[in-house]
Amino acid sequence: MPNFVWALLIALVVSLVITPAVILFADKTGAMDAPDARKVHKKPIPRIGGLGIYIAFMAGVLATLQLDMLPEDVQSGVIGLLIGATLIVILGLVDDYKNLPPKVKLLGQIVAAGVLVAFGVQIDFIADPFGDYFYLEYFAIPATLFWIVGLTNTVNLIDGLDGLAAGVATIASITILLVAIQNAFVLVTIITAALAGAAIGFLWYNFNPAKIFMGDTGSMLLGFVLAGISVIGAVKSAATIALIVPILALGVPILDTSFAIIRRYRGGVPIFKPDKGHLHHRLLDMGFNQRQAVLLMYVISAMLGLSAVLLNEVSGGIAVAIVVAVILLVFFGAKKLGILRMKNP
């Protein structure tokens, strides 16, 4: 079997085995998510499930990826990604136990992203649909930090229903995996497969009714790894629009976060202040139960992921048409659901 299949299977098995131990550990150490007016669960739930995802992901990667066989610059990038992911998990654990202020958490995310940059991982150019390249030069490092921190937070902010963030991240991982297979980028296939396997195994315990939440430990890890690996290889190897593939793959959390920022700005409230205007909240208000809302968002994510895969197979003009059509449909749906209107917690 290909190495990426082994990476997925190893991460999946480790995740299934380790998560019950994480549940017990969370209960013993007081890492519990208490219900409140904004949350939908009714009793305290363990919330450091991301620790299990991290252990499973690292097991899948380290067991199948032969670092010494990689070019030196690529090897450096992978090491940076794994170190940065470890820092993100530590930050998430501290936040899950202590509830860090948003500015402190943001600073920690920037430091973790800075590790990637220090190891040579950065967005050097952006390609247009017709094969021309725009080199970022002095803006390469700021753009990379913005990209990584931004995607880290988009997955974090969508983690509001049982199984939502884990499922969406799984679909995004598989999307980038498929694009990497199309472009024969073995490194990216292994890392995204390991991430998908770890998330799927965790989802067994996290789907409604959840026995454990991933917490910031898990949601930030998933976003960080997807952002980092897209910079390392999947996007640069794509033949159509650089950076569009992971943007579409993570379209649901990216758009939900963007609408939240617009909504809070228009409502005159701080951007970091929580509200109940997210897509999953609107779906619940419309009468969907948790499972139905999550499954619907899986379908939307899968459609966006399919669009991303198709972009790698079509001409520049068709790629532009697909992206424009997706954007128009998204904004039409957002207007219908009232996601741009402020709703108090």
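Helix 4 (residues 102-118) comprises 17 residues and, at 1.5 Å a residue, should span 24 Å, which agrees with the 24 Å between its end C-alpha atoms; the expected span is 1.5 Å times one less than the number of residues, and helices are DSSP runs of H or I with at least four residues, numbered from the N terminus. The model is predicted, with local features requiring pLDDT of at least 70 and side-chain atom pairs pLDDT 80 or more, whereas totals for chains, interfaces and linings use all residues. Residues are numbered from 1 along each chain as its sequence is written, and side-chain values use heavy atoms, without hydrogens and water.

Gly120, with a positive phi near 90°, follows helix 4.

Helix 6 (residues 164-182) packs against helix 7 (residues 186-206) at about 160°, the axes being 8 Å apart; axes are lines fitted to C-alpha atoms over the stretch in contact, and angles run from 0 to 180 degrees between N-to-C directions. The two helices are therefore roughly antiparallel, a term applied to angles over 145 degrees. Residues in the contact (heavy atoms within 4.5 Å) include Ala166, Gly167 and Thr170 of helix 6 and Val188, Thr189 and Thr192 of helix 7.

Ala7 lies in helix 1 (residues 3-29) and counts as buried because its relative accessibility is 0%. Beyond four places in sequence, Ala7 touches Gly60, Thr64, Ile190, Ala193 and Ala194. The C-alpha atoms of Ala7 and Ala59 are 8.2 Å apart, at a sequence separation of 52 residues.

Methods. Angles under 35 degrees count as roughly parallel, over 145 as roughly antiparallel, 65 to 115 as roughly perpendicular and the rest as oblique. Buried means under 20% relative accessible area, exposed over 50%, partly exposed in between (1.4 Å probe, protein chains only).
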